[in-house]
Structures are given as structure tokens and as C-alpha cells.
Amino acid sequence: MNRRKTVLLVVSCLTTAIASLAQDKIPVKFGRLTPQDFSVRPAGPDSAADAVVVADYGVSEFEGNVKGWFTLIFKRSVRIKIINRKGFDAATVSIPLYVSGNDAEKLTSLKASTYNLEDGKIVETKLDDKSIFSNQESKHLVKKKFTFPALKEGSIVEYSYTQESPFLFNLQPWAFQGDYPCLWSEYQVDMPRFFQYVTLTQGFREYHINKSDSRNVTFHMTNPGVTSKDERYTFDDEVVMHRWVMKDVPALKEEPFTTTLSNYISKIEFQLVRYQFPSGYTEDKMGSWAKLNELLMKSDDFGADLDRNNGWLDDDFPSITKGAGTSLEKATKIYTYIRDNFHCTAHSGLTISSGSLKTVYKNKTGSEAEMNLLLIAMLRHAKINADPVILSTRGHGFTQPMYPLIDRFNYVICLLTIDSTQQFLDASEPWLGFGRIPSMCYNGSARVVDMGTGAEALIDADDLREKKLTTVFISKDDNGKGLVGHLACRPGFVEADIMREKIKDKGLPEFSKGIQAEYTGDFACSNLQLDSLKQPDQPLGVGYDLKFNPDASTDIIYFNPMLSEGYKENPFKAAERFYPVEMPYAIDETYILNMEIPDGYDVDELPKPSRVSYNENEGLFEYLLQKDEGRIQMRARLILAKANYKREDYASLREFFGFVVKKESEQIVFKKKK
């Protein structure tokens, strides 16, 4: 190879290397803006976004402190471009700080500025310290909040801060994805070898950069002296520098049938497992399920009252369980007593905040955790086997089956065991029947809490099947000019629970108006009848009368045989979906119609029968319709054998529902006889 070619090859390699290195660096310099920066806009599917995160950069590292231990230092810098007024929400910032006893996380070096381009010049407006507010959200949580000043459409906002934490378990997580598209999201964690964390990742985006390097770091420590001077010392150890970067991350938008987006945003979290120092000292920090169970069962805030004598129950027990012979009958009586006589004040919690179960019993009020723990205590007092089950509701996010992370749980129910038969109970809602729990509890892995290892309990939406039957009979009225009929529906238990709750909250007249609003034009409904409305242990029956008076002068009548029961629109509108479909339950819906043909009319058009399966045995849609001797008979059935579908199934599921909607919108055409 001649010298010229060699030089060209070297130059080419250097150019490629430099370009590659440039792509690996954050593309902005915080605090330094140019007029060109104001031209940044989101592209692609997010081109209509109201704001765009230009860069989000964070670093976590450990430093020795003056207490002879370590402090977690978290630094973050963010730049956001506000596209329009709807994006002003992105300019309101909330920073959570953890507090425990006399220890608290501290916010330092907070800087925030709004930049506007005016007459070709960049004008900076700094945040006034007086505009930073502190709110005590709970016993252990304080939030620092502020809103940027001088906001306009087209503004760029930047903020940065340092967060110092004495809580090593609170190594900051990082969300690469959020409500707005993000052009560059980077997180770096410098982790000493002697602190071991489990790294929990989620989401469907690939990293632009995911690498680790190591180096030796000198830690400076000070042991505070009690009777003598402070002792200062240093030591070296290896630190692993982890770096994660994502580019051009789209906003994650919530679609129908989603438990919570927090399950699917691209995110990384950390859980402290143990200390393991070079000296040989080791301390376990995560624990085990068995240790967590023991802690909960001995805690006055959870399980300590369950196995105590609880003699304060003795006076009322005979009347509560009167007439009950078997253990199941006693359990039903105890459950019904709590459900019907207590008021639930909150539906998200794990602990007893009222002081004791005796106080809950006396006041007849409590959270869902307090009411269900009281249920368990009363069942045990009656010598019936019952245990607490902790779970995470669908809106709270998934638990981690492998790790005993108590903060992943937010709800308590009861596991009743009689003669090896088990049932879940929740006495916190007046519309729930014995042996049923709210559909929001069907969220996968839960844990039984006992003095053993605490078995996993799978409470999955795939196992909850809603069967619904609707029958409609329509015949000619007495004068032969119109049609009258009756619709009877027996919804599944979940739909029935929703109806009972709606009627309890808004009243029966308002519920009736909602049904009447479904019928317009020549149709009307009346005489609403509800069977077993106040008996939540029984199936709910809904019925009402129908009347159809078409214009006698019209030659053609269009009639949808599904009436108000058909699917009006496809719930899956997005062309693509980046996370699974999570329905609240599996579906088995049957609709039957039997009607007489109106006097003076013939059937001109009749929808064609159809039968379509989904993924072989995972779903079925059947639409059968026939005319026979002055009558029309129809049967439609929709089955989805499971509730959860992978993101790869989305396109076919969308197509399947599209077919259902189209078919159920088809009409019978009646034509006046000549």
C-alpha cells in the first residue's frame, strides 16, 4: 500500500472514531444556549408533542462523610423545550426527599432558569428561591416543588440540583421514558464493590450505550470523637462505573386495557442486597421472604393482634354467628357482619394506623387493611384458618416475586382455608360478595403472610372469567303498528359490582337515565327492574321494557339487532402498541334475540352469519342470524379465553375487535310490502 493510501486510511479511521466518540457524548452544554437550540422540535410519531426533553442527565456516587459512614450523592441536570401552552405542565417540577426520624435527604445547589429568544437575543430569567415550596406529603416523604418563571410558547427551561442522602437503600432510580419524548437520557452510577445492589430493569427500548468500567477511588472518612478528637482516615477500593444512555425515546402513551404505565416505561431501579467490605465484614440488607413474614406478623402495625386472646370479641360473637353450624357458615356470617356494618376509609395500605384492631372494631371504620386484618382476627377467634395476603393493585404496579420488597405492595386481603378449600375475601366493599375480591386485585404475584416462609399466591386476571347473558324478546304490539319487548341481562360479577357501586354513589334514577340514553330515535325503554341489587352474594339481574314505534309513512326501517349491547368502537385505536394488553378479566358474552317482523314489512337485507376464531383457541366471535316464519332469531357470542396478551398479539387482537365492531354495527333492513 502506498503512503497516500495509508494516510487516507488513517484519516478515515480517525474521522470515524471521532464521530463515534461524539455520538457517545451528551449533545448539550447545560447553561450555554445558542439561538439554534430554540429550533429543536420532536419528530416522528411525537411530532405533535407539547414539549420535548432535550437532555436528562444524572449521576449517583458514594462519598465518605463526617459520621464515619457514607453519603449518597445524586446530581441531575435537565433541559426541556416547551412547544406550546399544553406543555407548560413540563415546567412544574417536584423533587421527592425521604425522611426517617432525625435523618433526612437534603437538596443543595438547586438552579433553574427559563430562556426565551427575543429579537434574536437569548433572555434568561432565573428562579427565585422564594418560589421553591416544601410540602410534607407523608411521614417519610417531603416534596420540593417549583414552577419556572417567564414561561412562553417556545421557551427552554433548565434545572439542576444535588441531592444528598444518608439512606444507602435509596439509590436513585432512573426513568428513561416519560410523558414527553426525550432526545437524550443518561444515567451514571459509580458503585463501590463493598455495596452490592440488585439492578432491576424494565421497558422495551434498547440502550444506545450500556457499559461499565472500573477504577480505584480513595474514600475520605471521619469518625466523630466522643471523648477525643475526630479520627480521619482514608482507604482505597474499586468502584464500578455503570453508564446507561437512551436516545430519541418516544413518549409512552396510555392505551386502553393498561394496568399502569409505570410497569412499562424504560426504567432502571436498585435494591440494596448487602454490605461486603474488604475486611471481611458482611451484613445482609435485603433479607428474605421468611424474615419479612416474621417481621410483619410480630409488628403491632400488622399481625401482632391476630393471634392474641382478643377477648373483647366474646360479647358480640354469639349474635354475629347466630344460626351458623359449620365453619363455612360461621365464616360467611363474620364476613357479612364486617362488610355490612363497617365503613372503609381508604383502599391502599398495609398497616394498622388506628392504634389497634380493637379500636377499628369499636369505631366501625378503617382502611381496607384494617378491615381485612380484623376479619382475619375474628375468623381465627372462631378457630377458622385465615391468613393475610399482601398484594399490589393493578394501578400500583407489579411486585417482584424474587425479592422481598415491601414497598411494592399496597393492599391486604384475607385467605380463608376450610377443609383444604381456599377462598380470597375482601370485606372492605359493601357490594362485594363472599369469596370475591375487586378486579383491581388481579395483578399477578401476591404473598401469603404467616409465620412460615410465606407462599406466593398467583392472583391473575386470566383466571377471572366474566360470563354475561343477555336475552331480548320483541313482538308486535296490540294494534300491530309497532313493536314491544323486554331485555333481560345477567352481567358477570365484576360488571355487577360496578353497577352496584354506581347505583350506591349516584342513585337509581341516574343509573336509569344512563340506560335510557342508549336508546334514541324510534326506540324507548322503561320500567327498569333490578333483581338482587342489595344482595351482593347473588348474581345481579337487570331488565327493562322496550318500545319501537317507527314512522308509519317510511318505506324502509333500519334495525340493529344488537340494540345497545354491541361494541360501538374498537378500543384498540393506535396503529401499534409497545407494551402488552391487560384486560381486567377473560370474556364470555352471549346475546340472544328473538323478534317478530313488523306488520306490513318484509326482510329486505339480513346480516350474514359469521364465525371467527382468534389465535386458534384463545378467542371466538360467533354471529348467527336467521329468518323463519315471520320471526328473526339471532345469537351472538364473544369469547376471549384470557385477559393478558403479549405486545406481539396487538395487531391481530386489534383486527379481531375491528371485525366484531363492524359486524355488530350491521343492520336488518325491513322494506314495506307493496
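**Figure 1. Asp 426, a buried acidic residue without a salt bridge.** In this predicted model, where local features need pLDDT of at least 70, side-chain atom pairs count only at pLDDT 80 or more, and totals for chains, interfaces and linings use all residues, Asp 426 is buried yet has no salt bridge. Buried means under 20% relative accessible area, exposed over 50% and partly exposed in between, with a 1.4 Å probe and protein chains only, while a salt bridge is a side-chain nitrogen of Lys or Arg within 4 Å of a carboxyl oxygen of Asp or Glu. The nearest side chain of opposite charge belongs to Arg 339, 9.9 Å away, where Lys and Arg count as positive and Asp and Glu as negative, with His and the chain ends not counted. Residues are numbered from 1 along each chain as its sequence is written, and side-chain values use heavy atoms, with hydrogens and water left out.

**Figure 2. Polar contacts and surroundings of Asp 426.** Asp 426 sits in the loop that runs between strand S21 (421–425) and strand S22 (444–448); strands (E, at least two residues) and helices (H or I, at least four) are DSSP runs, numbered from the N terminus. Its side chain makes polar contacts with the side chains of Asn 372, at 3.1 Å, and Ser 428, at 2.7 Å. A polar contact is a pair of N or O atoms within 3.5 Å; within protein, one must be able to donate a hydrogen and the other to accept it, and residues adjacent in sequence count only if both atoms are side-chain atoms. Not counting residues up to four places away in sequence, Asp 426 touches several residues, including Tyr 335, Tyr 411, Ile 413 and Arg 436, contact meaning heavy atoms within 4.5 Å.

**Figure 3. The salt bridge between Arg 215 and Asp 190.** The two side chains meet at 3.5 Å, N to O. Arg 215 belongs to strand S13 (residues 209–223) and Asp 190 to strand S11 (residues 182–192), so the pair ties together parts that are 25 residues apart in sequence. Arg 215 is partly exposed, at 38% relative accessible area, whereas Asp 190 is buried, at 6%. The structure holds 31 salt bridges.

**Figure 4. The salt bridge between Arg 380 and Asp 307.** The N to O distance between these side chains is 3.0 Å. Distant parts of the chain are linked here, since Arg 380 is in helix H6 (residues 368–381) and Asp 307 is in the loop between helix H2 (289–298) and helix H3 (317–320), 73 residues apart. Arg 380 is buried, with a relative accessible area of 17%, whereas Asp 307 is exposed, with a value of 56%.

**Figure 5. Leu 357 and its contacts.** Leu 357 is found in helix H5 (residues 357–363) and is buried, its relative accessible area being 0%. Leaving aside neighbours within four places in sequence, Leu 357 is in contact with residues among them Asp 305, Leu 306, Trp 312 and Leu 373. Between Leu 357 and Thr 393 there are 36 residues of separation in sequence and 23 Å in space, C-alpha to C-alpha.
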